[in-house]
Amino acid sequence: MKLSKQFPLNALRVFEAAARLGSFTKAGDELGMTQTAVSYQIKLLEENVGEPLFLRRPRQIALTEPGERLAPKVTEAFAMLHDAMATARDSVEGTLAISSTHTFASKWLAPRLGSFHLKHPAIAVRLQASSDIIDFTREQIDVGIRWGDGNWPGLTLHRLMGLEFTPMLSPKLAESAGGIREPRDLLKFDLFDAGDIWWKQWFEAAGVTETDLDRRPRNQLGSQAVEADAAIAGHGVAILHPAFYAAEIALGRLYQPFELTRSDGKAYWLAYPENRRNVPKIKAFRNWILEEMKRQETSA
């Protein structure tokens, strides 16, 4: 038997049902087709194979010898396809791929994921820390959490939280310079990152209009979390979100010398493609994280 170059998948599906059920009528009922449509698909397959696959008898059908050889292999093939699709579907529906900025992932999301697992034990999480722009059409990412103004066309967006920022350093580093008495004293140290607009905004709010920020080397460490680690190690001053580092402040690892904080109006956003807003695992995560944000605001 020779098959044509065009693989008759739909006709094979109809043949499998008719062979298994022993009836064109029953096959039509299972597949939502008329008996005429079933007969037409079987005829197409027989023309493709070049031999009859069924003996048509009054009120019954029977497989021919070629049909008997073909039927078990087709049944097995469709069973394999079913298993493959089920495995793929379980993988897609059972794992939520999250891309988050490093700082948000380490300081907010990771410590709270346990409560998400408790509410949705069937959903596994794959967390990727990155600040790169996400191309949802090319990357296997379900949701992204990014910092910005939320102006990203084509995406469904939910504002999570804004941030206030202020300088922080290790207590030992502050003591090494005789303490920090006024904002200008911070200029005695290396700043992470001196070119960050946050520094300019904070110093201006603190009344320090003359700084050497433009002339300083830009010590870019890639994320607020890494800058905080460098500050804890005593290598300089980082400008950070106090709420993310409450534990480090309480333990004496970081020192916030001034109560003054500023905000640039930007925020963390949850983002995902508009056409995937009703995907169950995305809905589950969206509802959970928005509830967590609301709870955090209430307790603040």
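R276 is partly exposed at a relative accessible area of 23%, where partly exposed covers the range between buried (under 20%) and exposed (over 50%), worked out with a 1.4 Å probe on protein chains only. That arginine forms a salt bridge with D142, with the closest N and O atoms 2.9 Å apart; a salt bridge here is a side-chain nitrogen of Lys or Arg within 4 Å of a carboxyl oxygen of Asp or Glu.

Before going on, a word on what you're looking at. This is a predicted model, in which local features need pLDDT of at least 70 and side-chain atom pairs count only at pLDDT 80 or more, while totals for chains, interfaces and linings use all residues. Residues are numbered from 1 along each chain as its sequence is written, and side-chain values use heavy atoms, with hydrogens and water left out. Helices (H or I, at least four residues) and strands (E, at least two) are DSSP runs, numbered from the N terminus.

**Salt bridges**

- The count comes to 13 salt bridges.
- D142 counts as buried, at 7% relative accessibility.
- D142 also forms a salt bridge with K281, the closest N and O atoms being 3.3 Å apart. Here D142 sits in the loop between β4 and β5 and K281 in helix α10, so the pair ties together parts that are 139 residues apart in sequence.
- Both D142 and K281 are buried.
- E46 and R56 have side chains that meet in a salt bridge at 2.8 Å, N to O. With E46 in helix α3 (residues 35–49) and R56 in strand β1, the pair ties together parts that are 10 residues apart in sequence.
- E46 is buried at 11% relative accessibility, whereas R56 is partly exposed with a relative accessible area of 44%.
- E16, R20 and E30 are linked up in a network of salt bridges.

**Strand β3 and its neighbours**

- Strand β3 (residues 95–100) is largely enclosed by the rest of the structure, because five of its six residues are buried.
- β3 runs parallel to strand β4 (residues 124–129), and six bridges join them; two strands pair if DSSP finds at least two bridges between them.
- Within that pairing, S99 stands opposite Q128 in β4.
- β3 also runs parallel to strand β5 (residues 143–148), this time with three bridges, and I98 stands opposite V143 in β5.
- β3, helix α5 (residues 102–119) and β4 make a right-handed β-α-β unit. Right-handed means that, with the strands pointing away from the viewer, the path from the first strand over the helix to the second runs clockwise.

**Helix α1**

- Helix α1 (residues 9–21) has 13 residues and reaches 18 Å from its first C-alpha to its last, close to the 18 Å expected at 1.5 Å a residue. That expected span is 1.5 Å times one less than the number of residues.
- The buried residues of α1 are A11, L12, V14, F15, E16, A17 and A18.

- R59 has a positive phi, near 65°, in a residue other than glycine.
- You'll find R59 in the loop between β1 (54–57) and β2 (60–63), and at 91% relative accessibility R59 counts as exposed.
- The peptide bond from F192 to D193 is cis, with omega near -15°.
- D193 is in the loop between β8 (191–192) and α7 (197–205).
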